[in-house]
Amino acid sequence: MVQPPLRPRKTAMLVAQRIVADIHERGNTVGERLPPERVMLDEYAVGRGTLRESLRFLELQGVISLRPGPGGGPVVEQPDASSLATALTLLLQFENAPFRTIAEARTGLEPMMARLAAERIDDTALAQLASSVEAMHDGLDDQHVFLAENKRFHDIIAHGSGNAMFGYLVDALLGILDGSAIGIDYPQVRRTAVHKAHLRIYQAIATRDPQASAEAMAHHIEEYVKYAERKFPDVLAAPITWTHLGTV
């Protein structure tokens, strides 16, 4: 059977890839402006519509921002996990995957991150981890503080693992499985239990014990899943939808 020819990649996408390559080649840093439109039109030999489509795509991916007015134009930004969370959410929604999918992924991934963090985390990040544990303790009466510190704690460990992939994955997964957005509540007794779990994980990482760190994290995530399954089974069974995506 004769296969149909592959479609060539869209010109706007190819231009977007060239723009990113040029950003790296020039060594542009966050906040720096890219060349003005007239220069980019000549450099990439495309029409205004194609160039603007390329820039709009890069803006959606968080690579640049488009500032209006005189002296504006494309400005280099640091991409975050929001576009990854959106992509994952859409993929999972079209698979009719339940929120339990994210909880199971965390069960498998986060102990490995804690193990690596025990080996690789630097002193600055370790101090940030201690600060998060302390801030959660001081703010146990405030669920907003609790949720913010819960996310920060897991973010620090993920990035402290020394594996950039893990950092972005945890950002994305926590953005999708935002308990406050999908209906999981954390009463005072549960917040206290989470704080104690975070303290145990921090202590294991601080002593540079990979095995203890992985085990403490595994126990913490397993307890979270058990709590959610016992108290909010309908939430975990509900299909993931883009409308429920939390703020990453």
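Visitor: So a pocket is an open set of points on a 1 Å grid over the protein atoms alone, where a 1.4 Å probe fits and protein lies on both sides within 12 Å along at least five of seven lines, and lining residues have an atom within 4 Å of a point. Which residues line the second largest pocket?
Guide: V20, I23, H24, G27, N28, T29, V30, V63, V76, E77, Q78 and P79. This is a predicted model, where local features need pLDDT of at least 70, side-chain atom pairs count only at 80 or more, and totals for chains, interfaces and linings use all residues. Numbering starts from 1 along each chain as its sequence is written, and side-chain values use heavy atoms, leaving out hydrogens and water.

Visitor: How much space is in there?
Guide: About 160 Å³ for the second largest pocket, counted as space filled by probe spheres on the joined grid points.

Visitor: Which helix gives the most to that lining?
Guide: Helix α1, residues 11–26, with three residues. Helices here are DSSP runs of H or I (at least four residues), and strands are E runs (at least two).

Visitor: And what's the lining like by class?
Guide: Six nonpolar, five polar and one charged. Asp, Glu, Lys and Arg count as charged; Ala, Val, Leu, Ile, Met, Phe, Trp, Tyr, Cys and Pro as nonpolar; the others as polar.

Visitor: Switching topic: how does α1 pack on α2?
Guide: At about 110°, with the axes 12 Å apart. The two are therefore roughly perpendicular (65 to 115 degrees). V15, R18, I19 and D22 of α1 make the contact with M40, E43 and Y44 of α2, meaning heavy atoms within 4.5 Å. That contact has four nonpolar, no polar and three charged residues.

Visitor: What about α2 and α3?
Guide: Helix α2 (residues 37–44) meets helix α3 (residues 48–60) at about 105°, axes 10 Å apart. So they're roughly perpendicular to each other too. E37, M40, L41 and Y44 of α2 touch R48, L51, R52 and L55 of α3, giving five nonpolar, no polar and three charged residues.

Visitor: How many helices and strands in the whole chain?
Guide: Twelve helices and two strands, in the order α-α-α-β-β-α-α-α-α-α-α-α-α-α from the N terminus.

Visitor: Where is confidence lowest?
Guide: In helix α9 (residues 179–182), at a mean pLDDT of 56, while α6 (residues 123–138) is highest at 98. The scale runs from 0 to 100, and the chain averages 91, with 92% of residues scoring at least 70.

Terms used: Axes fitted to C-alpha atoms, helices over the stretch in contact; angles between N-to-C directions. Parallel < 35°, antiparallel > 145°, perpendicular 65-115°, else oblique. pLDDT = per-residue confidence, 0-100.
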